[in-house]
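Hi everyone, thanks for making time for this.

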Amino acid sequence: MNERTRTRRIALIGPLSGERLTAQTGGYPLDPSKMLPVADVVLLVVDREPGATMLFRYTAHGAFGGDTFHTSTDEALEQAQVEYGEALGEWMPVPDEVPDAHAFAVQYAHDRLNGRGGW
């Protein structure tokens, strides 16, 4: 399926306050020793044909932070809000001319969050 038949949005993740609410791990059942890194950016991809929605999580350095399947956009947006709360930034569209939304999300996060540890 062509990327242009999809809706793609990203949101940056700011510093998390408190405990990590969701732990993405490699494999099932959840294994604390295989926890994936905390995301710096979330990518939402809505496939218009079957209506499936995916949330992908990445660090600003390209490490994969997990993904989840959702049956609607609202469900996926709610999941992101539950996971990240006030740390979840504003959602913005991935430009239509961008062929790889995943690479775009990582680069966007890297460019904007690279020096955030020095705040």
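Let's begin with one residue. Leaving out residues up to four places away in sequence, His70 touches Ala52, Thr53, Leu55, Glu75, Ala76 and Gln79; touching, or contact, means heavy atoms within 4.5 Å.

Before I go on, a word on what you're looking at. This is a predicted model, where local features need pLDDT of at least 70 and side-chain atom pairs count only at pLDDT 80 or more, while totals for chains, interfaces and linings use all residues. Residues are numbered from 1 along each chain as its sequence is written, and side-chain values use heavy atoms, with hydrogens and water left out.

Back to His70, then. His70 sits in strand S4. Is His70 buried or exposed? It counts as buried, because its relative accessibility is 4%. Our cut-offs are these: buried is under 20% relative accessible area, exposed is over 50%, and partly exposed is in between, using a 1.4 Å probe and protein chains only. His70 also has a polar contact: its side chain and that of Glu75 are joined at 3.2 Å. By polar contact I mean a pair of N or O atoms within 3.5 Å; within protein, one must be able to donate a hydrogen and the other to accept it, and residues adjacent in sequence count only if both atoms are side-chain atoms.

Now let's zoom out. The protein has two helices and five strands, and from the N terminus on they run β-β-β-β-α-β-α. Those elements are DSSP runs numbered from the N terminus: helices are H or I with at least four residues, and strands are E with at least two. Of the 119 residues in the protein, 38% are buried. And if you take the contacts with a separation of 6 or more, 60% of them are between residues 24 or more positions apart.

On to the sheet. In general, strands of a sheet pair through backbone hydrogen bonds, either parallel or antiparallel. Here we have an open sheet of five strands in the order S4-S3-S2-S1-S5, with antiparallel pairing. Two strands count as paired if DSSP finds at least two bridges between them. Which strands are at the edges? They are S4 and S5 (92–93), each pairing on one side only.

Let's go through some of the pairs. S2 and S3 run antiparallel and are joined by six bridges, with Val46 opposite Thr53 in S3. S3 and S4 are antiparallel too, joined by six bridges, and there Leu55 stands opposite Thr68 in S4. S3 and S4 make a hairpin with five residues between them, and Gly62 in the turn has a positive phi of about 95°. Five of the six residues of S3 are buried, so S3 is largely enclosed by the rest of the structure. Over at S1 (residues 6–12), two bridges join that strand to S5, again antiparallel, and Arg9 stands opposite Pro93 in S5.

While we're in S1, have a look at Arg8, which is found in that strand. Arg8 is buried, with a relative accessible area of 4%. Where does its side chain go? The side chain of Arg8 reaches the backbone oxygen of Val98 at 2.9 Å.

Next, the helices. H1 (residues 73–84) has 12 residues and reaches 17 Å from its first C-alpha to its last, close to the 16 Å expected at 1.5 Å a residue; that expected span is 1.5 Å times one less than the number of residues. Which residues of H1 are buried? They are Ala76, Ala80, Glu83 and Tyr84. These cover an arc of only 75° around the axis, which means they are on the same side of H1; the arc is that of the directions from the helix axis to the C-beta atoms. The buried residues pack against S2 (41–47), S3 (53–58) and S4 (64–70).

For Asp74, the relative accessible area is 60%. Asp74 and Thr53 are 21 residues apart in sequence, and 9.3 Å apart in space, C-alpha to C-alpha. Just after H1, Gly85 takes a positive phi of about 50°.

That leaves H2 (residues 101–113), which lies across S1, S2, S3 and S5 and runs at about 20° to S1. For that angle, axes are lines fitted to C-alpha atoms, for helices over the stretch in contact, and angles run from 0 to 180 degrees between N-to-C directions.

That's my tour, thanks!
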